[in-house]
Amino acid sequence: MNAPAERVFAGPLVVGVDGSVPSLRAVDWAADEAALRAVPLRVVYACLWERYEGAALAQDIGRTTALPLAQDVVGVAAQRARDRHPGLEVSADVVLEEPEYALVREARHASALVVGTRGRSGIAEMLLGSVSLAVAAHADCPVIVLRGSHDNQATPPVHGRVVVGVREDAKESAAVRFAAEEARRRGVPLEAVRAWRRPARETTDHPLLVGDAARLHEERAAEELEAALQDVPEDIEVHRRTVEGPARRVLVGASHRADLLVVGATRREGHFGLQLGRVAHTVLHHSACPVAVVPHPAHDA
């Protein structure tokens with residue numbers, strides 16, 4: 001069967017907010033990113049419980065509706081983006097729905113979606129908030145989850161590089177194309193990393209055979225890396241790295257010297273579980289910099 005066509009990501013940049021400090025930092029980063037892309041910024045506040053808790057609070061303070069409370073959240077966030085980039089087109093909306101569902105729906109018409117690491121509840125179920133994880137796992141557009149101490153700015157660059165993790169099957173990688181464009185927008189080099197491991201069954205006590213096996217796997221990784229980068233425009237400076245070790249550990253390590261870490265995630269039609277994979281799941285929890293999860297369709301056999 002033919003593989004489904006990869007989607008062209010167009011539309012506004014969407015940022016999810018909830019009034020928390022992490023979400024306001026996300027607004028700063030998203031405003032920078034939207035300005036870099038020359039696209040409008042859409043600020044979205046989604047919360048199902050505004051229907052109930054907000055309505056009760058509004059009644060207690062003499063208001064007839066909870067919407068003014070939510071409008072305050074998006075209003076402050078939108079004005080923050082306008083103040084940061086006065087020429088940026090900014091819109092704002094309130095959606096009375098569970099945020100993960102609302103933001104995944106917003107992603108259908110977005111060029112990218114930006115979220116913070118945690119919401120205002122302060123309940124750290126995991127190292128990454130449940131909403132951010134769900135959106136990264138199901139959105140149809142690239143999702144940028146802000147991690148790290150410098151995640152309130154996309155520009156100017158802090159470390160001066162964008163890192164992309166290259167997979168074994170990444171010859172037609174949406175993640176590589178996305179990362180190349182991000183590097184170009186920022187005017188920084190692209191560092192492409194291909195992690196490789198020698199299968200356990202090839203382990204031997206003979207030192208010469210061990211060296212030959214390692215060399216063959218490293219050469220194969222280098223060939224796969226070149227294949228993944230073959231369509232990167234020549235005007236983008238590319239640094240190539242093949243590293244022995246688990247991809248999760250290698251990419252988390254690389255995140256300490258990056259402004260953005262880009263990984264791919266396969267989307268399978270009809271599959272409703274977390275569609276991330278172990279590598280993306282790990283870097284979302286442990287990266288030292290913002291992480292972009294770029295979806296691509298599964299290739300049918």
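Helix H4 (residues 99–106) and helix H5 (residues 130–138) pack at an angle of about 35°, and their axes lie 9 Å apart. Helices here are DSSP runs of H or I of at least four residues, strands are runs of E of at least two, and both are numbered from the N terminus. Axes are lines fitted to C-alpha atoms, for helices over the stretch in contact, and angles run from 0 to 180 degrees between N-to-C directions.

The model is predicted: local features need pLDDT of at least 70, side-chain atom pairs count only at pLDDT 80 or more, and totals for chains, interfaces and linings use all residues. Residues are numbered from 1 along each chain as its sequence is written, and side-chain values use heavy atoms, with hydrogens and water left out.

On H4 the contact, meaning heavy atoms within 4.5 Å, involves Pro99, Glu100, Leu103 and Val104, and on H5 it involves Val131, Ala134, Val135 and His138. Six of these residues are nonpolar, one is polar and one is charged. In this classification Ala, Val, Leu, Ile, Met, Phe, Trp, Tyr, Cys and Pro are nonpolar, Asp, Glu, Lys and Arg are charged, and the others, Gly among them, are polar.

I turn now to the sheet. Ten strands form an open sheet with mixed pairing, in the order E3-E2-E1-E4-E5-E10-E9-E6-E7-E8. Strands E3 (90–95) and E8 (238–244) are at the edges with a single partner strand each, so one side of each has no neighbour in the sheet. From one strand to the next, the twist averages 25°. E9 and E10 (residues 291–297) pair in the parallel sense over seven bridges, where pairing requires at least two DSSP bridges between two strands. Ala265 stands opposite Pro295 in E10. H5 packs on this sheet, touching E4 (112–115), E5 (143–145), E9 and E10, and its direction makes about 150° with that of E5.

Which residues of the second largest pocket lie nearest its centre? They are Glu168, Arg194, Ala195, Ala247 and Val279, from a lining of 27 residues. The volume of this pocket is about 740 Å³. Its lining has 13 nonpolar, six polar and eight charged residues.

On method, a 1 Å grid over the protein atoms alone is used: a cavity is a set of points where a 1.4 Å probe fits but cannot get out, a pocket is an open set with protein on both sides within 12 Å along at least five of seven lines, and lining residues have an atom within 4 Å of a point. Points are joined across faces, edges and corners, and a volume is the space filled by probe spheres set on them.

H8 and H9 pack at about 35°, with axes 9 Å apart.

Across the whole structure there are two cavities of 30 Å³ or more. The second largest cavity holds about 40 Å³ of space, and its lining includes Trp29, His150, Pro156 and Asp259. Pro156, in the loop between E5 and E6 (162–165), is joined to Thr155 by a cis peptide bond with omega of about -5°.
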